[in-house]
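Student: Please pick one part of this structure and look at it closely. Then show me how that part sits in the whole.

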Amino acid sequence: MSEAQTSGPASGTPRVLVIDDSNTIRRSAEIFLRQGGYEVLLAEDGFEALAKVNDTEPDLIFCDILMPRLDGYQTCAIIKRNPRFSAVPVVMLSSRDGVFDKARGRMVGSDEYLTKPFTKEQLLRAVAQFCPQPG
(Lines give C-alpha, C1' and ligand atoms only; values in the text may rest on other atoms or scores of the structure.)
Protein backbone atom coordinates (compact mmCIF):
# COMPACT_ATOMS: atom_id res chain seq x y z
CA MET A 1 0.00 0.00 0.00
CA SER A 2 1.41 3.37 -0.94
CA GLU A 3 1.83 6.22 1.57
CA ALA A 4 -1.04 8.22 -0.01
CA GLN A 5 -3.47 5.34 0.53
CA THR A 6 -2.76 5.02 4.25
CA SER A 7 -4.14 8.46 5.13
CA GLY A 8 -7.53 9.11 3.60
CA PRO A 9 -8.33 9.01 -0.11
CA ALA A 10 -5.97 10.11 -2.84
CA SER A 11 -6.98 13.75 -2.32
CA GLY A 12 -5.40 13.66 1.13
CA THR A 13 -8.66 14.62 2.86
CA PRO A 14 -8.70 13.21 6.41
CA ARG A 15 -11.29 10.47 6.91
CA VAL A 16 -13.29 10.69 10.15
CA LEU A 17 -15.50 7.88 11.50
CA VAL A 18 -18.38 8.83 13.83
CA ILE A 19 -19.81 5.98 15.92
CA ASP A 20 -23.04 6.80 17.75
CA ASP A 21 -26.38 5.04 18.15
CA SER A 22 -28.18 8.41 18.02
CA ASN A 23 -29.14 9.37 14.48
CA THR A 24 -29.28 13.03 15.57
CA ILE A 25 -25.69 13.01 16.87
CA ARG A 26 -24.41 11.14 13.79
CA ARG A 27 -26.09 13.57 11.39
CA SER A 28 -24.99 16.67 13.34
CA ALA A 29 -21.40 15.45 13.40
CA GLU A 30 -21.58 14.58 9.70
CA ILE A 31 -22.81 18.06 8.76
CA PHE A 32 -20.21 19.84 10.94
CA LEU A 33 -17.33 17.67 9.67
CA ARG A 34 -18.32 17.98 6.00
CA GLN A 35 -18.53 21.78 6.44
CA GLY A 36 -15.01 21.55 7.86
CA GLY A 37 -13.86 19.76 4.70
CA TYR A 38 -13.47 16.24 6.10
CA GLU A 39 -14.56 12.92 4.62
CA VAL A 40 -17.14 11.40 6.99
CA LEU A 41 -18.03 7.78 7.70
CA LEU A 42 -20.86 6.79 10.02
CA ALA A 43 -21.58 3.73 12.18
CA GLU A 44 -24.54 3.02 14.49
CA ASP A 45 -22.75 0.71 16.91
CA GLY A 46 -19.45 -0.89 17.80
CA PHE A 47 -19.86 -3.93 15.58
CA GLU A 48 -20.61 -1.86 12.48
CA ALA A 49 -17.75 0.45 13.45
CA LEU A 50 -15.19 -2.36 13.67
CA ALA A 51 -16.03 -3.47 10.13
CA LYS A 52 -15.76 0.12 8.85
CA VAL A 53 -12.44 0.69 10.62
CA ASN A 54 -11.05 -2.43 8.98
CA ASP A 55 -12.43 -1.56 5.51
CA THR A 56 -11.80 2.20 5.40
CA GLU A 57 -8.85 2.89 7.75
CA PRO A 58 -10.08 6.23 9.16
CA ASP A 59 -7.64 8.91 10.32
CA LEU A 60 -9.73 9.74 13.41
CA ILE A 61 -12.61 8.08 15.27
CA PHE A 62 -15.33 9.66 17.40
CA CYS A 63 -16.92 6.98 19.56
CA ASP A 64 -20.03 7.25 21.74
CA ILE A 65 -19.72 5.48 25.09
CA LEU A 66 -23.28 4.32 25.74
CA MET A 67 -24.31 2.05 22.86
CA PRO A 68 -26.17 -1.26 22.68
CA ARG A 69 -24.36 -4.57 22.10
CA LEU A 70 -20.78 -3.26 22.17
CA ASP A 71 -20.22 -0.07 24.17
CA GLY A 72 -17.70 2.64 23.35
CA TYR A 73 -15.15 1.48 25.91
CA GLN A 74 -15.14 -2.04 24.43
CA THR A 75 -15.06 -0.69 20.87
CA CYS A 76 -12.13 1.62 21.65
CA ALA A 77 -10.21 -1.17 23.42
CA ILE A 78 -10.62 -3.54 20.45
CA ILE A 79 -9.45 -0.87 17.98
CA LYS A 80 -6.45 0.09 20.14
CA ARG A 81 -5.41 -3.57 20.64
CA ASN A 82 -5.09 -4.07 16.88
CA PRO A 83 -1.53 -3.09 15.87
CA ARG A 84 -2.83 -1.89 12.48
CA PHE A 85 -5.11 0.70 14.11
CA SER A 86 -3.52 1.37 17.50
CA ALA A 87 -2.17 4.75 16.35
CA VAL A 88 -5.58 5.99 15.11
CA PRO A 89 -6.79 8.66 17.57
CA VAL A 90 -10.10 7.88 19.31
CA VAL A 91 -12.20 10.66 20.84
CA MET A 92 -14.86 9.40 23.24
CA LEU A 93 -18.30 11.05 23.08
CA SER A 94 -20.57 11.12 26.11
CA SER A 95 -23.33 13.14 27.69
CA ARG A 96 -21.66 12.39 31.04
CA ASP A 97 -18.80 14.66 32.04
CA GLY A 98 -17.53 12.78 35.09
CA VAL A 99 -13.91 12.25 36.05
CA PHE A 100 -14.51 8.48 36.25
CA ASP A 101 -15.85 8.37 32.67
CA LYS A 102 -12.86 10.29 31.35
CA ALA A 103 -10.41 8.12 33.30
CA ARG A 104 -12.03 4.93 32.05
CA GLY A 105 -11.79 6.26 28.49
CA ARG A 106 -8.07 6.86 28.95
CA MET A 107 -7.64 3.35 30.37
CA VAL A 108 -8.99 1.78 27.17
CA GLY A 109 -6.79 4.00 25.00
CA SER A 110 -8.91 7.00 24.05
CA ASP A 111 -6.97 10.12 23.15
CA GLU A 112 -9.58 12.75 24.03
CA TYR A 113 -13.07 13.14 25.51
CA LEU A 114 -15.84 15.34 24.13
CA THR A 115 -19.06 16.01 26.02
CA LYS A 116 -22.39 15.93 24.15
CA PRO A 117 -24.09 17.98 22.96
CA PHE A 118 -21.09 19.50 21.19
CA THR A 119 -20.92 22.58 19.01
CA LYS A 120 -19.46 22.71 15.51
CA GLU A 121 -16.46 24.60 16.94
CA GLN A 122 -15.82 21.99 19.65
CA LEU A 123 -16.01 19.14 17.15
CA LEU A 124 -13.73 20.79 14.59
CA ARG A 125 -11.26 21.79 17.32
CA ALA A 126 -11.08 18.13 18.41
CA VAL A 127 -10.47 17.03 14.81
CA ALA A 128 -7.80 19.70 14.29
CA GLN A 129 -5.90 18.32 17.30
CA PHE A 130 -5.33 15.03 15.49
CA CYS A 131 -5.75 15.61 11.74
CA PRO A 132 -4.17 18.09 9.37
CA GLN A 133 -6.58 20.68 7.97
CA PRO A 134 -8.07 19.54 4.64
CA GLY A 135 -7.19 21.35 1.45
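Tutor: Start with Asp64, which touches Ile19, Asp20, Asp21, Gly72, Leu93 and Lys116 when residues up to four places away in sequence are not counted. Here, touching or contact means heavy atoms within 4.5 Å. The model is a predicted one, in which local features need pLDDT of at least 70 and side-chain atom pairs count only at pLDDT 80 or more, while totals for chains, interfaces and linings use all residues. Residues are numbered from 1 along each chain as its sequence is written, and side-chain values use heavy atoms, with hydrogens and water left out.

Asp64 lies in strand β3, residues 60–64. Strands (E, at least two residues) and helices (H or I, at least four) are DSSP runs numbered from the N terminus. Is Asp64 buried or exposed? Asp64 is buried, with a relative accessible area of 3%. The cut-offs are under 20% relative accessible area for buried and over 50% for exposed, with partly exposed in between, using a 1.4 Å probe and protein chains only. UniProt, in an unreviewed entry, lists Asp64 for "modified residue: 4-aspartylphosphate". UniProt positions are given in the numbering used here, feature names are shortened, and annotations may be inferred rather than shown by experiment.

Gly72, touched by Asp64, is one of the buried residues of α4. Helix α4 covers 72–81, and seven of its 10 residues are buried, so α4 is largely enclosed by the rest of the structure. Besides Gly72, those buried residues are Tyr73, Thr75, Cys76, Ala77, Ile79 and Lys80. They pack against β1 (15–19), α3, β3, β4 (90–94) and α5 (99–107).

The peptide bond from Lys116 to Pro117 is cis, with omega near -5°. Pro117 sits in the loop between β5 (112–115) and α6 (120–130). Most peptide bonds are trans, and most residues other than glycine have a negative phi.

Glu57, in the loop between α3 (46–56) and β3, has phi near 50°. Arg69, in the loop between β3 and α4, has phi near 65°. Neither of the two is glycine.

Leu17 is found in β1 and counts as buried, at 0% relative accessibility. Leaving aside neighbours within four places in sequence, Leu17 is in contact with Leu41, Leu42, Ala43, Ala49, Lys52, Val53, Pro58, Leu60, Ile61 and Phe62. Pro58 is 41 residues from Leu17 in sequence, yet their C-alpha atoms are 6.1 Å apart.

For contrast, take Tyr38, in the loop between α2 (23–35) and β2 (39–43). Tyr38 is buried too, with a relative accessible area of 4%. Not counting residues up to four places away, Tyr38 touches residues including Val16, Leu33, Leu124 and Pro134. The C-alpha atoms of Tyr38 and Lys80 are 42 residues apart along the chain and separated by 23 Å.

Finally, step back to the whole chain. Six helices and five strands follow the pattern α-β-α-β-α-β-α-β-α-β-α along the sequence. The radius of gyration is 14 Å, close to the 14 Å that the globule rule gives for 135 residues, so the chain is as compact as a globular protein of that length. This radius is taken over C-alpha atoms, and the globule rule is 2.2 Å times the number of residues to the power 0.38. Along its principal axes, the C-alpha trace spans about 40 × 30 × 25 Å. Of the 135 residues, 45% count as buried. Among contacts between residues at least 6 apart in sequence, 62% join residues at least 24 apart. UniProt, again in an unreviewed entry, places "domain: Response regulatory" at residues 15–131. Over residues 15–131 the chain is 46% helix and 21% strand, with the end C-alpha atoms 9 Å apart.
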